[in-house]
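Take a look at the structure, then read on.

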Amino acid sequence: MPVELEFDFDAAVASVDVYSQDDIEHLRQWTQKLDKSKYIPKDLTDKQLLLFCNACYGDLDKTKACIERYYAIRKSTPEIFSNRVLSDELKPSIEALEFSFLPEKSCEGYDIIYHRLHYTEPSKYFFEPGCKLLFMTVDACLSKRGPQPGYIFLFDMRGVKLGHLTRVSLSFQKEKQRTLRKFFQYVQEAMPVRMKSIHVLNTEPVLDKLLLLIRPFMDKKFFDMIKFHHKNEDLEKFYETVIPRSALPPDYGGTLPDTQTLHKKCMQQLKQMEPYFRAEEQQRLAALDKKEKVEKAFKNLEID
(Lines give C-alpha, C1' and ligand atoms only; values in the text may rest on other atoms or scores of the structure.)
Protein backbone atom coordinates (compact mmCIF):
# COMPACT_ATOMS: atom_id res chain seq x y z
CA MET A 1 0.00 0.00 0.00
CA PRO A 2 1.62 3.30 -1.07
CA VAL A 3 2.00 6.19 1.36
CA GLU A 4 -0.32 8.83 -0.10
CA LEU A 5 -0.01 12.36 1.23
CA GLU A 6 -2.99 14.52 0.29
CA PHE A 7 -1.35 17.81 -0.67
CA ASP A 8 -0.82 18.77 -4.31
CA PHE A 9 2.87 18.34 -5.16
CA ASP A 10 3.00 20.84 -8.03
CA ALA A 11 1.22 23.51 -5.98
CA ALA A 12 3.57 22.87 -3.07
CA VAL A 13 6.65 23.15 -5.26
CA ALA A 14 5.38 26.44 -6.62
CA SER A 15 4.90 27.84 -3.11
CA VAL A 16 8.08 26.81 -1.28
CA ASP A 17 11.04 29.17 -1.07
CA VAL A 18 13.69 26.47 -1.61
CA TYR A 19 13.24 23.60 -4.08
CA SER A 20 15.34 21.51 -6.42
CA GLN A 21 14.21 18.34 -8.15
CA ASP A 22 17.88 17.43 -8.40
CA ASP A 23 18.04 17.47 -4.60
CA ILE A 24 14.99 15.19 -4.42
CA GLU A 25 16.69 12.77 -6.80
CA HIS A 26 19.94 12.99 -4.83
CA LEU A 27 18.11 12.08 -1.63
CA ARG A 28 16.36 9.18 -3.35
CA GLN A 29 19.70 7.79 -4.54
CA TRP A 30 21.12 8.29 -1.06
CA THR A 31 18.32 6.23 0.52
CA GLN A 32 18.98 3.39 -1.95
CA LYS A 33 22.57 3.08 -0.74
CA LEU A 34 21.78 2.94 2.98
CA ASP A 35 21.79 -0.38 4.79
CA LYS A 36 18.83 -1.48 6.89
CA SER A 37 20.49 -0.39 10.13
CA LYS A 38 19.26 3.14 9.32
CA TYR A 39 15.60 1.99 9.18
CA ILE A 40 14.99 4.38 6.27
CA PRO A 41 12.52 3.20 3.60
CA LYS A 42 13.83 3.00 0.05
CA ASP A 43 10.46 3.97 -1.46
CA LEU A 44 10.06 7.46 0.01
CA THR A 45 7.86 9.52 -2.30
CA ASP A 46 8.67 12.94 -3.73
CA LYS A 47 6.11 14.40 -1.36
CA GLN A 48 7.75 12.84 1.69
CA LEU A 49 11.21 14.01 0.61
CA LEU A 50 9.88 17.50 -0.11
CA LEU A 51 8.61 17.83 3.47
CA PHE A 52 12.08 17.04 4.83
CA CYS A 53 13.83 19.36 2.36
CA ASN A 54 11.50 22.23 3.21
CA ALA A 55 11.88 21.68 6.97
CA CYS A 56 15.68 21.92 6.59
CA TYR A 57 15.58 24.92 4.22
CA GLY A 58 17.12 22.90 1.39
CA ASP A 59 20.32 22.02 3.27
CA LEU A 60 21.03 18.46 2.11
CA ASP A 61 23.26 17.46 5.02
CA LYS A 62 20.69 18.66 7.55
CA THR A 63 17.92 16.99 5.55
CA LYS A 64 19.71 13.64 5.65
CA ALA A 65 20.30 13.99 9.39
CA CYS A 66 16.62 14.86 9.91
CA ILE A 67 15.48 11.82 7.92
CA GLU A 68 17.80 9.53 9.86
CA ARG A 69 16.58 10.85 13.23
CA TYR A 70 12.95 10.71 12.09
CA TYR A 71 13.05 7.00 11.28
CA ALA A 72 15.34 6.03 14.14
CA ILE A 73 13.06 7.67 16.71
CA ARG A 74 9.88 6.31 15.15
CA LYS A 75 11.38 2.83 15.23
CA SER A 76 12.58 3.10 18.85
CA THR A 77 9.41 4.69 20.27
CA PRO A 78 6.54 2.32 19.37
CA GLU A 79 4.41 3.62 22.26
CA ILE A 80 4.02 6.83 20.25
CA PHE A 81 4.49 5.84 16.61
CA SER A 82 3.03 2.33 16.27
CA ASN A 83 -0.62 1.27 15.91
CA ARG A 84 -1.76 4.81 15.13
CA VAL A 85 -5.49 4.22 14.86
CA LEU A 86 -8.28 5.65 17.00
CA SER A 87 -8.70 2.46 19.00
CA ASP A 88 -10.26 1.84 22.42
CA GLU A 89 -6.78 2.37 23.86
CA LEU A 90 -6.84 5.99 22.69
CA LYS A 91 -10.48 6.69 23.57
CA PRO A 92 -9.83 7.97 27.15
CA SER A 93 -7.26 10.46 25.82
CA ILE A 94 -9.52 11.51 22.94
CA GLU A 95 -12.15 12.37 25.53
CA ALA A 96 -9.80 13.98 28.06
CA LEU A 97 -7.68 16.11 25.70
CA GLU A 98 -8.21 18.55 22.85
CA PHE A 99 -6.15 18.75 19.66
CA SER A 100 -6.48 20.64 16.41
CA PHE A 101 -4.53 22.06 13.53
CA LEU A 102 -6.36 25.33 13.35
CA PRO A 103 -8.07 26.29 10.07
CA GLU A 104 -6.53 29.78 9.94
CA LYS A 105 -2.91 30.95 9.91
CA SER A 106 -0.77 33.05 12.24
CA CYS A 107 0.04 36.69 11.50
CA GLU A 108 3.10 35.54 9.54
CA GLY A 109 1.30 32.78 7.67
CA TYR A 110 2.32 29.86 9.87
CA ASP A 111 0.26 26.77 10.63
CA ILE A 112 -0.96 26.45 14.22
CA ILE A 113 -1.13 23.21 16.22
CA TYR A 114 -3.38 23.59 19.28
CA HIS A 115 -3.56 21.42 22.42
CA ARG A 116 -5.05 21.57 25.91
CA LEU A 117 -6.74 19.47 28.58
CA HIS A 118 -10.50 19.04 28.26
CA TYR A 119 -10.93 17.25 31.57
CA THR A 120 -8.52 18.57 34.19
CA GLU A 121 -8.60 15.60 36.57
CA PRO A 122 -5.02 14.19 36.55
CA SER A 123 -6.23 10.57 36.63
CA LYS A 124 -7.67 11.07 33.14
CA TYR A 125 -4.29 12.05 31.69
CA PHE A 126 -2.10 9.44 29.97
CA PHE A 127 1.24 10.65 28.64
CA GLU A 128 2.03 8.28 25.76
CA PRO A 129 -1.45 8.32 24.14
CA GLY A 130 -1.41 12.11 24.39
CA CYS A 131 1.92 12.24 22.57
CA LYS A 132 0.62 9.83 19.94
CA LEU A 133 -2.44 12.00 19.25
CA LEU A 134 -0.34 15.17 19.11
CA PHE A 135 2.00 13.78 16.46
CA MET A 136 -0.90 12.25 14.53
CA THR A 137 -2.38 15.76 14.42
CA VAL A 138 0.91 17.17 13.12
CA ASP A 139 1.09 14.42 10.49
CA ALA A 140 -2.48 15.15 9.40
CA CYS A 141 -1.63 18.82 8.92
CA LEU A 142 1.47 17.91 6.90
CA SER A 143 -0.47 15.49 4.73
CA LYS A 144 -3.29 17.88 3.96
CA ARG A 145 -1.33 21.15 3.66
CA GLY A 146 2.14 20.06 2.63
CA PRO A 147 5.33 22.04 3.29
CA GLN A 148 4.75 25.37 5.01
CA PRO A 149 6.90 28.40 5.90
CA GLY A 150 6.51 27.71 9.60
CA TYR A 151 4.64 26.16 12.50
CA ILE A 152 3.47 27.53 15.83
CA PHE A 153 2.49 25.25 18.70
CA LEU A 154 -0.20 26.73 20.94
CA PHE A 155 -0.57 25.01 24.31
CA ASP A 156 -3.04 25.99 27.03
CA MET A 157 -2.01 25.16 30.62
CA ARG A 158 -5.49 25.72 32.02
CA GLY A 159 -6.12 23.08 34.66
CA VAL A 160 -2.62 21.60 34.68
CA LYS A 161 -1.85 20.46 38.23
CA LEU A 162 1.00 18.84 40.09
CA GLY A 163 -0.87 15.56 39.68
CA HIS A 164 -0.37 15.73 35.92
CA LEU A 165 3.37 16.03 36.40
CA THR A 166 3.46 12.94 38.59
CA ARG A 167 1.99 11.06 35.62
CA VAL A 168 5.23 11.71 33.77
CA SER A 169 7.53 11.78 36.81
CA LEU A 170 11.21 11.15 36.13
CA SER A 171 12.06 10.05 39.64
CA PHE A 172 10.09 6.81 39.75
CA GLN A 173 9.15 5.94 36.18
CA LYS A 174 12.23 5.31 34.05
CA GLU A 175 10.11 4.24 31.08
CA LYS A 176 8.35 7.61 31.13
CA GLN A 177 11.73 9.32 31.29
CA ARG A 178 12.78 7.48 28.12
CA THR A 179 9.58 8.45 26.33
CA LEU A 180 9.88 12.07 27.44
CA ARG A 181 13.45 12.21 26.12
CA LYS A 182 12.34 10.71 22.78
CA PHE A 183 9.47 13.20 22.60
CA PHE A 184 11.83 16.18 22.79
CA GLN A 185 14.40 14.56 20.50
CA TYR A 186 11.73 14.09 17.87
CA VAL A 187 10.39 17.65 18.13
CA GLN A 188 13.85 19.23 18.08
CA GLU A 189 15.72 16.97 15.64
CA ALA A 190 13.31 14.97 13.49
CA MET A 191 9.87 16.51 13.02
CA PRO A 192 9.72 17.72 9.38
CA VAL A 193 8.41 21.20 10.07
CA ARG A 194 9.92 24.65 10.44
CA MET A 195 9.23 25.27 14.11
CA LYS A 196 8.95 29.02 14.75
CA SER A 197 7.59 29.37 18.26
CA ILE A 198 5.70 27.67 21.08
CA HIS A 199 3.19 29.76 22.99
CA VAL A 200 1.95 28.55 26.36
CA LEU A 201 -1.25 30.27 27.48
CA ASN A 202 -2.82 30.48 30.94
CA THR A 203 0.34 29.50 32.80
CA GLU A 204 -0.35 27.89 36.16
CA PRO A 205 1.69 28.00 39.40
CA VAL A 206 2.94 24.50 38.58
CA LEU A 207 4.92 25.95 35.63
CA ASP A 208 8.21 26.13 37.58
CA LYS A 209 7.97 22.45 38.47
CA LEU A 210 7.07 21.59 34.88
CA LEU A 211 10.15 23.40 33.59
CA LEU A 212 12.30 21.62 36.16
CA LEU A 213 10.97 18.36 34.72
CA ILE A 214 11.43 19.07 31.01
CA ARG A 215 14.24 21.64 30.79
CA PRO A 216 17.04 19.01 30.75
CA PHE A 217 15.64 17.65 27.48
CA MET A 218 15.61 20.98 25.62
CA ASP A 219 18.49 22.70 23.90
CA LYS A 220 18.83 26.47 24.26
CA LYS A 221 17.55 27.28 20.77
CA PHE A 222 14.37 25.29 21.37
CA PHE A 223 13.82 26.67 24.87
CA ASP A 224 14.16 30.21 23.55
CA MET A 225 11.23 29.55 21.20
CA ILE A 226 8.87 29.10 24.16
CA LYS A 227 6.82 32.13 25.15
CA PHE A 228 4.76 32.04 28.34
CA HIS A 229 1.54 34.01 28.81
CA HIS A 230 0.02 34.51 32.26
CA LYS A 231 -3.72 33.82 32.56
CA ASN A 232 -4.38 37.52 33.29
CA GLU A 233 -2.14 38.83 30.52
CA ASP A 234 -3.51 41.37 28.06
CA LEU A 235 -3.32 39.56 24.70
CA GLU A 236 -3.79 42.56 22.40
CA LYS A 237 -0.14 42.53 21.34
CA PHE A 238 -0.37 38.75 20.85
CA TYR A 239 -3.33 39.27 18.48
CA GLU A 240 -1.43 41.90 16.53
CA THR A 241 1.92 40.13 16.19
CA VAL A 242 1.42 36.38 16.65
CA ILE A 243 -2.08 35.01 16.07
CA PRO A 244 -5.03 37.22 15.09
CA ARG A 245 -8.41 36.85 16.76
CA SER A 246 -9.80 35.44 13.51
CA ALA A 247 -7.48 32.42 13.91
CA LEU A 248 -8.39 31.64 17.54
CA PRO A 249 -11.31 29.93 19.32
CA PRO A 250 -13.70 31.97 21.50
CA ASP A 251 -11.91 31.00 24.74
CA TYR A 252 -9.04 33.21 23.59
CA GLY A 253 -11.08 36.10 22.28
CA GLY A 254 -11.29 34.67 18.78
CA THR A 255 -13.99 33.96 16.22
CA LEU A 256 -13.32 30.31 15.29
CA PRO A 257 -15.64 27.51 16.47
CA ASP A 258 -15.19 26.39 20.08
CA THR A 259 -12.31 24.09 20.99
CA GLN A 260 -14.47 20.97 21.36
CA THR A 261 -15.90 21.44 17.88
CA LEU A 262 -12.39 21.86 16.47
CA HIS A 263 -11.17 18.82 18.40
CA LYS A 264 -13.99 16.59 17.17
CA LYS A 265 -13.34 17.66 13.59
CA CYS A 266 -9.64 16.85 14.04
CA MET A 267 -10.46 13.39 15.42
CA GLN A 268 -12.76 12.76 12.45
CA GLN A 269 -9.91 13.67 10.13
CA LEU A 270 -7.54 11.32 11.97
CA LYS A 271 -10.12 8.55 11.67
CA GLN A 272 -10.41 9.14 7.93
CA MET A 273 -6.63 9.01 7.64
CA GLU A 274 -6.27 5.52 9.11
CA PRO A 275 -5.27 4.05 5.70
CA TYR A 276 -2.44 6.59 5.58
CA PHE A 277 -1.26 5.84 9.12
CA ARG A 278 -1.30 2.09 8.41
CA ALA A 279 0.57 2.54 5.12
CA GLU A 280 3.18 4.78 6.74
CA GLU A 281 3.82 2.18 9.45
CA GLN A 282 4.04 -0.61 6.87
CA GLN A 283 6.55 1.45 4.92
CA ARG A 284 8.70 1.71 8.03
CA LEU A 285 8.27 -1.98 8.83
CA ALA A 286 9.45 -2.95 5.35
CA ALA A 287 12.69 -1.06 5.99
CA LEU A 288 13.64 -3.33 8.91
CA ASP A 289 15.84 -6.35 8.53
CA LYS A 290 14.29 -9.83 8.74
CA LYS A 291 15.08 -10.38 12.43
CA GLU A 292 13.57 -7.06 13.47
CA LYS A 293 10.45 -7.73 11.39
CA VAL A 294 9.89 -10.99 13.29
CA GLU A 295 10.43 -9.26 16.64
CA LYS A 296 8.01 -6.51 15.62
CA ALA A 297 5.37 -9.05 14.60
CA PHE A 298 5.61 -10.81 17.98
CA LYS A 299 5.33 -7.49 19.83
CA ASN A 300 2.20 -6.64 17.84
CA LEU A 301 0.70 -10.02 18.75
CA GLU A 302 1.37 -9.29 22.41
CA ILE A 303 -0.33 -5.88 22.06
CA ASP A 304 -3.36 -7.42 20.32
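What follows is a short briefing on strands, helices and cores.

This is a predicted model, so keep the cut-offs in mind: local features need pLDDT of at least 70, side-chain atom pairs count only at pLDDT 80 or more, and totals for chains, interfaces and linings use all residues. Residues are numbered from 1 along each chain as its sequence is written, and side-chain values use heavy atoms, with hydrogens and water left out.

- Strand S1 covers residues 97-101, and five of the five are buried, so the rest of the structure largely encloses it.
- "Buried" means under 20% relative accessible area, with exposed over 50% and partly exposed in between (1.4 Å probe, protein chains only).
- Strands (E, at least two residues) and helices (H or I, at least four) are DSSP runs, numbered from the N terminus.
- Both faces of S1 are covered: Leu97, Phe99 and Phe101 sit on one side, Glu98 and Ser100 on the other.
- S1 pairs with strand S2 (residues 111-117) in the antiparallel sense, over five bridges; two strands pair if DSSP finds at least two bridges between them.
- Within that pairing, Phe99 is opposite His115 of S2.

**The nonpolar cores**

- A nonpolar core is a set of buried Ala, Val, Leu, Ile, Met, Phe, Trp, Tyr and Cys residues joined through side-chain atoms within 4.5 Å.
- The largest one here has 78 residues, and Leu133, Met191 and Leu270 have the most contacts inside it.
- Helix H7 (residues 127-145) gives the most to this core, with 10 residues.
- Another core, of 17 residues, lies apart from it and includes Phe238 and Ile243.
- Leu133 touches Phe99, Met267 and Leu270, among others, leaving out residues up to four places away in sequence; contact means heavy atoms within 4.5 Å.

- H7 is mostly covered, with 17 of its 19 residues buried.
- Just after H7 comes Gly146, which takes a positive phi of about 75°.
- Helix H3 (residues 46-55) has eight of its 10 residues buried, so it too is largely enclosed by the rest of the structure.
- Among the buried residues of H3 are Gln48, Phe52 and Asn54.
- Just after H3, Tyr57 has a positive phi of about 55°.

**Gln269 in helix H13**

- Gln269 belongs to helix H13 (residues 259-272).
- Is Gln269 buried or exposed? Gln269 counts as buried because its relative accessibility is 16%.
- Gln269 touches Phe101 and Lys144, not counting residues up to four places away in sequence.
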